[in-house]
Amino acid sequence: MSWIPPYRPQQLSLGPLEQEILEIVWQLDQATVKDIHDRILSDPDRELAYSSVTTVLNRLTKKGWLMCHRQGKAFIWTARVSADQAKAVQSYEQLQQFLAISNPDVVAAFADSLDTASIDQLTAIADRLQKARQQRQEEK
């Protein structure tokens, strides 16, 4: 049942341009600097230097979000995790941070402020968790 991918980027926080470029790479599956630069400049209100795209791609690679390989004369960037995996990792990290700094009073106050839809969602999550644990027990 584990939705947390075995690999996670070294640094999860992303700036707005880093997030935008990562989303373009996810959409294109693999991309060159030119692909990304052209995509951003397709918006007539945008300006962005080609070298800025290269800098951000290198930064995303250093943070562990992308990998780069050479194909002929071009450098091709691909994502190391899918968009869904990234959401799972980021959600897991946020939950861990919330639980690490929260005391029971804070958690109770937070839970008390949830609307009906959120409570239904939490109930569905708890049901899935219980089924997964029960399945693991039966496999032992």
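## Ground rules

A residue is called buried here when its relative accessible area is under 20%, exposed when that area is over 50%, and partly exposed in between (1.4 Å probe, protein chains only). This is a predicted model, in which local features need pLDDT of at least 70 and side-chain atom pairs count only at pLDDT 80 or more, while totals for chains, interfaces and linings use all residues. Residues are numbered from 1 along each chain as its sequence is written, and side-chain values use heavy atoms, with hydrogens and water left out.

## Helix α1 and its two sides

Let's start with α1 (16–28); helices here are DSSP runs of H or I with at least four residues, strands are runs of E with at least two, and both are numbered from the N terminus. With 13 residues at 1.5 Å a residue, α1 should span 18 Å, and its end C-alpha atoms do sit 19 Å apart, which agrees. That expected span is 1.5 Å times one less than the number of residues.

Which residues of α1 are buried? They are E18, I21, L22, I24 and V25. They cover an arc of only 155° around the axis, so they lie on the same side of α1; the arc is taken over the directions from the helix axis to the C-beta atoms. Over on the other side of α1, P16 and Q27 are exposed. The cover on the buried residues includes β1, α2 (33–41), α3 (50–63), β2 (66–71) and β3 (74–79).

## A look at I24

I24 belongs to helix α1, and it counts as buried because its relative accessibility is 6%. Setting aside neighbours within four places in sequence, I24 is in contact (heavy atoms within 4.5 Å) with I36, R39 and I40. Q130 is another story: 106 residues from I24 along the chain, its C-alpha atom is separated from that of I24 by 37 Å.

D29 sits in the loop between α1 and β1 (30–31). Its phi is near 75°, a positive value in a residue other than glycine. D29 also counts as exposed, because its relative accessibility is 59%.

## A nonpolar patch

On the surface, L95, L99 and V107 make up a nonpolar patch with about 230 Å² of accessible area together. Accessible areas come from the Shrake-Rupley method with a 1.4 Å probe, and for residues only the protein chains shown count as cover. Patch residues have over 30% relative accessible area and no salt bridge, with like charges joined within 9 Å and nonpolar side chains (Val, Leu, Ile, Met, Phe, Trp, Tyr) within 5 Å. A salt bridge puts a side-chain nitrogen of Lys or Arg within 4 Å of a carboxyl oxygen of Asp or Glu.

L99 is partly exposed, as its relative accessible area is 47%.
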